[in-house]
Amino acid sequence: MSLGPDSQGLTSNELLVQQHQQLTTLAQIIANEKHILQQHDPQALLAISQEKNTLLIAIQQLDQTIGQNQLFAQDKAAGKLTQELAEITDLLTHCQQQNLINGQIIQQSQLAVERMKTSLLENHNKSAITYDKKGKKSAGLSSLGLKA
């Protein structure tokens with residue numbers, strides 16, 4: 001997946017094949033990420049996030065290489081790469097859509113965690129009701145002598 005110095009000498013088609021392979025790998029990583037999010041596995045999520053980040057950097061580097069390649073610009077202007085570019089654009093759009101879905105899953109998970117936290121704190125406060133020396137109800141962490 002890494003780009004070597006030889007990527008400068010690749011033909012336009014070879015550059016696009018490499019870009020297509022990277023985006024196909026990205027689509028698979030995003031699909032795996034979705035599965036991991038659904039399984040609630042934080043360790044696996046951290047590992048796949050690092051893998052995804054590394055691949056995104058490689059994609060960006062290849063994109064810069066393609067952008068600076070004069071032969072590629074000539075071939076594109078001549079209309080030689082229309083089909084390949086359309087396939088790559090479709091693949092990129094698919095990756096972006098799937099990544100948005102994963103982002104929504106993450107947001108929903110964060111909301112669920114916040115609701116659970118609130119619920120647990122409410123239950124703790126209800127079960128922590130005690131009475132002070134004067135017979136008045138006292139609840140929460142302050143009844144334990146703790147201050148937040």
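Leu-71 counts as partly exposed because its relative accessibility is 42%, where buried means under 20% relative accessible area, exposed over 50% and partly exposed in between (1.4 Å probe, protein chains only). This is a predicted model, in which local features need pLDDT of at least 70 and side-chain atom pairs count only at pLDDT 80 or more, while totals for chains, interfaces and linings use all residues. Residues are numbered from 1 along each chain as its sequence is written, and side-chain values use heavy atoms, with hydrogens and water left out.

Leu-71 lies in helix 3, residues 70–77. Between Leu-71 and Thr-11 there are 7.6 Å in space, C-alpha to C-alpha, although the two are 60 residues apart in sequence.

The chain as a whole comprises four helices and two strands, in the order α-α-α-α-β-β from the N terminus. Helices (H or I, at least four residues) and strands (E, at least two) are DSSP runs, numbered from the N terminus. Of the 148 residues, 23% count as buried. Contacts (heavy atoms within 4.5 Å) between residues at least 6 apart in sequence join residues at least 24 apart in 64% of cases.

Helix 1 has 28 residues and spans 41 Å from its first C-alpha to its last, close to the expected 40 Å at 1.5 Å a residue; the expectation is 1.5 Å times one less than the number of residues. Just after helix 1, His-40 adopts a positive phi of about 55°.

The largest nonpolar core has 18 residues, among which Leu-23 and Leu-26 touch the most other members. Such a core is a set of buried Ala, Val, Leu, Ile, Met, Phe, Trp, Tyr and Cys residues joined through side-chain atoms within 4.5 Å. At least two residues of this core come from each of helix 1, helix 2 and helix 4, and helix 1 supplies the largest share, eight residues. Beyond its neighbours within four places in sequence, Leu-26 contacts Lys-52, Leu-55, Leu-56, Ile-59 and Cys-95.

The largest pocket has a volume of about 160 Å³. A pocket is an open set of points on a 1 Å grid over the protein atoms alone, where a 1.4 Å probe fits, with protein on both sides within 12 Å along at least five of seven lines; lining residues have an atom within 4 Å of a point. The volume is the space filled by probe spheres set on the points. The lining includes His-40, Asp-41 and Pro-42, and helix 4 gives the most to it, three residues.
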